[in-house]
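Colleague: I've just opened this one and I'm new to it. Can you walk me through how the pieces pack together?

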Amino acid sequence: MAELDGTIEDFLGPLARAKSDVELVNEFRSLARFYNLSHVALFCVGITGRADEAPSLAVTYSGEWIQHYVDENFANIDPVLSMGFNSMIPIDWRDIPTSGRKVKRMFGEAREFGIGRQGITFSVKGRNAERALFSINSDMKDWEWDSFLNGYLRLLQLYSFEAFETYLRIRGVERETVLLAKREIECLKWVSAGKTASEIADILDLSERTVRFYLETARYKLKANTVAQAVANAIYTNQLTRSW
């Protein structure tokens, strides 16, 4: 399986620089090729704030599958949508109940249109009514899928966040200051107190690799060149107090 080669900026930079839906979907296709995925999809609602607004998409699915999905009103029974919008944690498609006849039919027909049997969906929220579900799917075997998620789940969460940010930016939606995750703040807190990554790992009962990942994602979100600058930016945006 391919591994990430380079920094988070190398991984997310091209996505963040996309200037149109076409460029965004092309980045999704690059992700799919690199990680042996079948498809990548971003499903958004509430972008304009209008109650009657139709969902909008940025996907690698075929036009035929999208039209079939609409014609069959699958959105009304799709458990990926219902579970995704009601969960704060990623939804592994293996955990989705598929006992209903209509749901079984939907997933069966999805396979006929090239949708992978494995999948995971991330829920992303905007500052107003904007919501999105970011999904990837693949035909990996169970053990391959487990290995893939074990290695890349956190990175994919960051990717889902950046994909939604890019989608909103393309539409001219003003964004507020990025909010850091609890673990990112904790790691920055201990850096500001002079602790090393190894020491922080002991304090938070995490691996040193995980601590370095949180520091790196915090740095990326805060558009900082160094972790020290990330600490300063977090203090400036009131996400980190000056004394602990």
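Predicted model: local features only at pLDDT ≥ 70, side-chain atom pairs only at ≥ 80, totals over all residues.

Colleague: Okay, pick one. How are Phe 11 and Tyr 35 arranged, centre to centre and between the planes?

Modeller: Phe 11 and Tyr 35 are edge-to-face, with 6.1 Å centre to centre and 80° between the planes. Planes over 60 degrees apart count as edge-to-face.

Colleague: And which helices do Phe 11 and Tyr 35 lie in?

Modeller: Phe 11 is in helix H1 (residues 8-16) and Tyr 35 is in helix H2 (residues 21-35), so this pair ties together parts that are 24 residues apart in sequence.

Colleague: Is Phe 11 buried or exposed? What about Tyr 35, buried or exposed?

Modeller: Phe 11 is buried, at 13% relative accessible area. Tyr 35 counts as buried too, with a relative accessibility of 4%. The cut-off for buried is under 20%.

Colleague: Which residues do ring pairs link into a cluster?

Modeller: Phe 11 and Tyr 35 belong to a cluster linked by ring pairs, together with Phe 28, Phe 34, Phe 122, Phe 134, Trp 145, Phe 148, Tyr 152 and Tyr 159.

Colleague: Let's switch to H6 and H9. At what angle do they pack, and how far apart are their axes?

Modeller: Helix H6 (residues 142-170) and helix H9 (residues 208-221) pack at about 10°, and their axes are 11 Å apart. That makes H6 roughly parallel to H9, because angles under 35 degrees count as roughly parallel.

Colleague: Which residues meet there?

Modeller: From H6 you have Arg 154, Leu 155, Leu 158, Phe 161 and Glu 162, and they meet Thr 210, Phe 213, Tyr 214, Thr 217, Tyr 220 and Lys 221 in H9. The residues of that contact divide into six nonpolar, two polar and three charged.

Colleague: Last one: how do H7 and H8 cross?

Modeller: The axes of helix H7 (residues 182-192) and helix H8 (residues 197-204) come within 10 Å and cross at roughly 125°. That makes H7 oblique to H8, and the crossing is right-handed.

Colleague: What meets what in that contact?

Modeller: Arg 183, Glu 186, Cys 187, Trp 190 and Val 191 in H7 meet Ile 200, Ile 203 and Leu 204 in H8. The contact of H7 with H8 has six nonpolar residues, no polar ones and two charged.

Note on methods. Residues numbered from 1 in each chain as written. Heavy atoms only, no water. Axes fitted to C-alpha atoms, helices over the stretch in contact; angles between N-to-C directions. Helix = DSSP H or I, 4+ residues; strand = E, 2+ residues; numbered from the N terminus. Parallel < 35°, antiparallel > 145°, perpendicular 65-115°, else oblique. Contact = heavy atoms within 4.5 Å. Nonpolar A, V, L, I, M, F, W, Y, C, P; charged D, E, K, R; others polar. Left-handed = near helix turned anticlockwise from the far one by under 90°. Phe/Tyr/Trp six-rings, centres within 6.5 Å; stacked < 30°, edge-to-face > 60°. Buried < 20%, exposed > 50% of the residue type's maximum accessible area, 1.4 Å probe, protein only.
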